[in-house]
Amino acid sequence: MKKKISVVLSICLAFVFFVACMNRYDEKNVSNYQIDLVFNAETNVLTGVQTVDFFNSFNVELPEIHFHLFANAYREGAQFSPFTQSEINDAFPNGPSFGGIEITSLKVNGTDAPIVIGGRDEDRLIVKLPRALMPTQRVEIEMEYTLTIPNVRHRLGHYNGIVNLGNFFPIAAIFENGAWNQSVYYSKGDPFFTKVKNFDVSITTPSRLTAAMSGRVQRENLTGGRTRHTSSSRLMRDFAIVLGEFQVVTGTVDGIEVRYYFTQEMSMLSQEALSVSMDSVRVFNELFGKYPYETLSVVKTHFLHGGMEYPGLVYISDVLSGNHFRDVIIHEIAHQWWYAVVGNDQVAHAWLDESLAEYSVALFYERMPQFGITYNDRIAEALRTFALFEDVFGKNFDGSMNRGLSEFNSVYEYVVVAYHKGAVMLSSLRKVIGDDAFFRAIRNYYETQKFQIARPEHLVAAFEAASNRDLQTFFATWFAGDIQTFGRA
């Protein structure tokens with residue numbers, strides 16, 4: 001009987017791998033984004049011309065296409081703010097400031113089209129098509145826009161001469177379950193997800209500014225003290241830019257160029273930060289699978305939270321120091337595997353990438369004992385954090401994992417559950433199924449879900465296939481259970 005079960009599981013795993021390979025994205029079967037930007041440093045206004053060669057990969061005909069306008073979360077009067085009330089003072093050191101994006105022109109296949117702004121919070125550009133777009137067909141959508149960048153320390157914002165451009169451009173939403181995804185820009189977690197695409201991006205700035213960008217950057221000096229920065233990136237699900245008067249230190253690991261950007265005021269520990277960044281890439285390449293891009297940019301910038309991940313580029317907050325500074329670098333770089341390459345719905349299943357990224361920090365220290373922090377130290381700290389939070393909040397604390405961002409009662413509850421509980425869950429699973437099965441599952445999950453949007457069942461199936469065990473009860477208990485369910489040891 002055991003032999004029969006093993007054979008069946010092996011066949012199932014081979015079939016899953018075959019289907020994943022058949023659905024694997026390549027550069028020809030994704031949308032292409034060409035974005036040309038001009039930044040006015042005096043007004044902190046960005047103007048853009050964006051052409052989207054949209055590929056219908058959703059297997060249904062589309063009479064219209066929806067683009068997220070995340071930048072409108074920063075406008076005055078937005079219903080869904082990117083900040084909690086307790087974060088306002090830290091987010092706006094110079095007082096309240098507002099921004100937003102205005103679409104000034106729209107064309108579909110070269111013909112003028114009406115500009116329709118909708119969504120739950122004026123956060124959606126709805127492009128009406130002259131005829132329904134069939135699966136695997138393409139349509140060209142050209143738009144022009146003006147983006148006002150607020151004075152705020154956030155994903156999108158400027159502060160003290162540094163400009164963060166994250167989630168700044170119109171990006172196609174996901175079509176699923178017969179409708180366009182309607183998620184909004186919540187103040188908790190990372191409220192966005194999208195399919196991979198190809199990018200060709202340029203931004204013209206004053207020459208004194210350096211542009212850290214997703215992908216490899218080329219500089220072209222123009223007349224009038226201006227510089228055009230360009231980057232071509234393939235199979236990325238998002239694109240980010242940080243502008244500043246940066247210094248840069250670089251290194252190469254496994255053929256990947258790692259770049260650490262910092263200003264003169266943030267120059268402390270720059271070499272150490274680069275070294276940790278390179279170590280992280282090397283360790284995760286060995287544990288999970290090869291990082292697929294040519295470059296990785298790590299940028300120390302003004303940011304409200306510890307760090308933020310984008311494909312090929314991560315923010316590291318300027319307020320961090322000591323071990324926390326190093327931990328955030330490792331965590332955000334782990335997101336290159338868990339979010340950038342293996343995507344997931346960060347709104348509905350926030351724990352999926354955050355648990356893996358946080359657990360990856362423990363794995364890093366397990367492989368790098370010279371830092372004096374052990375794997376057990378990290379897991380014990382995560383368990384203590386969860387237990388303390390549960391003790392303090394008691395019945396008002398919801399420890400369930402598999403829920404959406406809007407269902408968490410606070411940012412703290414979200415972090416404790418998605419990060420800390422998730423890391424302890426993975427550590428417990430490793431003990432249950434053993435190292436060989438655990439790491440085989442992780443590598444198979446990375447390989448089969450590369451450039452896809454994974455769901456929790458894909459991760460569960462990877463562990464079941466690698467261990468030849470039914471793990472449904474294990475995961476269901478962790479998803480629903482409190483600390484008493486799995487113990488304090």
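Modeller: Gln34 is found in strand S1, which covers residues 31-40; strands here are DSSP runs of E of at least two residues, helices are runs of H or I of at least four residues, and both are numbered from the N terminus. This is a predicted model, in which local features need pLDDT of at least 70 and side-chain atom pairs count only at pLDDT 80 or more, while totals for chains, interfaces and linings use all residues. Residues are numbered from 1 along each chain as its sequence is written, and side-chain values use heavy atoms, with hydrogens and water left out.

With a relative accessible area of 43%, Gln34 is partly exposed, a class that lies between buried (under 20%) and exposed (over 50%), using a 1.4 Å probe and protein chains only. Gln50 is 16 residues away from Gln34 in sequence, yet their C-alpha atoms are 5.6 Å apart in space. If neighbours within four places in sequence are left aside, Gln34 is in contact (heavy atoms within 4.5 Å) with Val49, Gln50, Thr51 and Asp200. The side chain of Gln34 also makes a polar contact, at 3.3 Å, with the side chain of Asp36; such a contact is a pair of N or O atoms within 3.5 Å, one able to donate a hydrogen and the other to accept it, and residues adjacent in sequence count only if both atoms are side-chain atoms.

Ile241 belongs to strand S18 and stands opposite Met213, and strand S15 (residues 210-213) is joined to S18 (residues 241-244) by 4 bridges, the two running antiparallel; strands count as paired if DSSP finds at least two bridges between them. In S15, Thr210 and Ala212 point one way, Ala211 and Met213 point the other way, and all are buried.

The other contact, Tyr315, is the bridge partner of Met308 in a pairing with S23. Strand S23 (residues 313-317) is joined to S22 by 4 bridges, and these strands run antiparallel. Both belong to an open sheet of 5 strands with mixed pairing, in the order S19-S20-S21-S23-S22. Strand S19 (247-253) and strand S22 (307-310) stand at the edges with a single partner strand each, so one side of each is left without a neighbour in the sheet. From one strand to the next, the twist averages 15 degrees.

Helix H4 (residues 322-334) lies across strand S20 (256-262), strand S21 (295-301), S22 and S23, and runs at about 160 degrees to S23. For that angle, axes are lines fitted to C-alpha atoms, for helices over the stretch in contact, and angles run from 0 to 180 degrees between N-to-C directions.
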